[in-house]
Amino acid sequence: MHTFTIIVETENLGMAGVEDLEASLDSIENQTYPIKKVAEIMIIAGSHVSKNLIQRLKNKYPWLSIKIEKEPLSYIESKMRGAELAKTEFVIFADSDMRYEPSWLENIVGAFSTYPEGYVFSGDSSQSLRNSVGKSGYSFKKTEPCTII
């Protein structure tokens, strides 16, 4: 069985809002694939995320792991920081302003088994990728430690 981490950035909170983040997390929680089978669901909380919001998220989503960054991170830096911290074979990226279809996670996890040689699975990219599944999200297989360049 493959192990994976879902990483949710908070950089979109500047354009969206806390309600959007909670709607995103609610949609992840209500997937047809049980979230208790996910190794870790991680939020990268940039310096713009208040202590009150962090506590609110911890209370509402006890299954959520919150990694607090002292320095501001860009959207991409936030995701790459999550990839660095993930200790699993696969990483799935999610956005704080997206609501995910109930089968989104099941489709991505299914692709891991269907295409074991695959390294990138996408549901919302306009780029030409070898395998495309689900909607709204993408993942990749970690083949070596990730670093921010």
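Which residue forms a salt bridge with E84? The partner is R81, with the closest N and O atoms 3.1 Å apart. The points below take up this pair and the rest of the fold.

1. Basis of the model. This is a predicted model, in which local features need pLDDT of at least 70 and side-chain atom pairs count only at pLDDT 80 or more, while totals for chains, interfaces and linings use all residues. Numbering starts from 1 along each chain as its sequence is written, and side-chain values use heavy atoms, with hydrogens and water left out.

2. Overall layout. The protein has 4 helices and 7 strands, where helices (H or I, at least four residues) and strands (E, at least two) are DSSP runs numbered from the N terminus. Their order from the N terminus is β-α-β-α-β-α-β-α-β-β-β. Of the 149 residues, 46% are buried; buried means under 20% relative accessible area, exposed over 50%, and partly exposed in between, with a 1.4 Å probe and protein chains only. Among contacts (heavy atoms within 4.5 Å) with a separation of 6 or more, 68% are between residues 24 or more positions apart.

3. A nonpolar core is here a set of buried Ala, Val, Leu, Ile, Met, Phe, Trp, Tyr and Cys residues joined through side-chain atoms within 4.5 Å. The largest one has 29 residues, and F4, I6, I28, L57 and L105 have the most contacts inside it. At least two residues of this core come from each of strand 1 (4–9), helix 1, strand 2, helix 2, strand 3, strand 4 (90–94) and helix 4 (104–114). Helix 4 gives the largest share, 5 residues. In soluble globular proteins, nonpolar side chains tend to be buried together.

4. Not counting residues up to four places away in sequence, I6 touches I28, V38, E40, I41, M42, I92, A94 and L105.

5. Helix 1 against helix 2. These two helices pack at an angle of about 25°, with their axes 12 Å apart. Axes are lines fitted to C-alpha atoms, for helices over the stretch in contact, and angles run from 0 to 180 degrees between N-to-C directions. Helix 1 and helix 2 are therefore roughly parallel to each other, a label for angles under 35 degrees. Their crossing is right-handed, meaning that the near helix is turned clockwise from the far one by less than a right angle. Helix 1 contributes V18, L21, E22, L25 and D26 to the contact, and helix 2 contributes L53, R56, L57 and K60.

6. The structure holds 7 salt bridges, each a side-chain nitrogen of Lys or Arg within 4 Å of a carboxyl oxygen of Asp or Glu. One of them pairs K60 with E22, the closest N and O atoms being 3.8 Å apart. The pair links distant parts of the chain, 38 residues apart, with K60 in helix 2 (residues 51–60) and E22 in helix 1 (residues 18–29). K60 is partly exposed at 41% relative accessibility, whereas E22 is buried at 8%. E22, R56 and K60 are linked in a network of salt bridges.

7. Other salt bridges. E40 pairs with K67, the closest N and O atoms being 3.6 Å apart. E40 lies in strand 2 (residues 40–45) and K67 in strand 3 (residues 64–68), so this pair ties together parts 27 residues apart in sequence. Both are partly exposed, E40 at 22% relative accessibility and K67 at 28%. By contrast, E84 and R81 are 3 residues apart in helix 3 (residues 75–85), and so are separated by about one helical turn. E84 is partly exposed, with a relative accessible area of 28%, and R81 is partly exposed at 26%.

8. S78 is found in helix 3 and is buried, with a relative accessible area of 0%. Not counting residues up to four places away in sequence, S78 touches E9, T10, E11, I44 and L73. K36 is in the loop between helix 1 and strand 2 and is exposed, with a relative accessible area of 77%. The C-alpha atoms of K36 and W63 are separated by 8.2 Å, the two residues being 27 apart along the chain.

Key: Angles under 35 degrees count as roughly parallel, over 145 as roughly antiparallel, 65 to 115 as roughly perpendicular and the rest as oblique.
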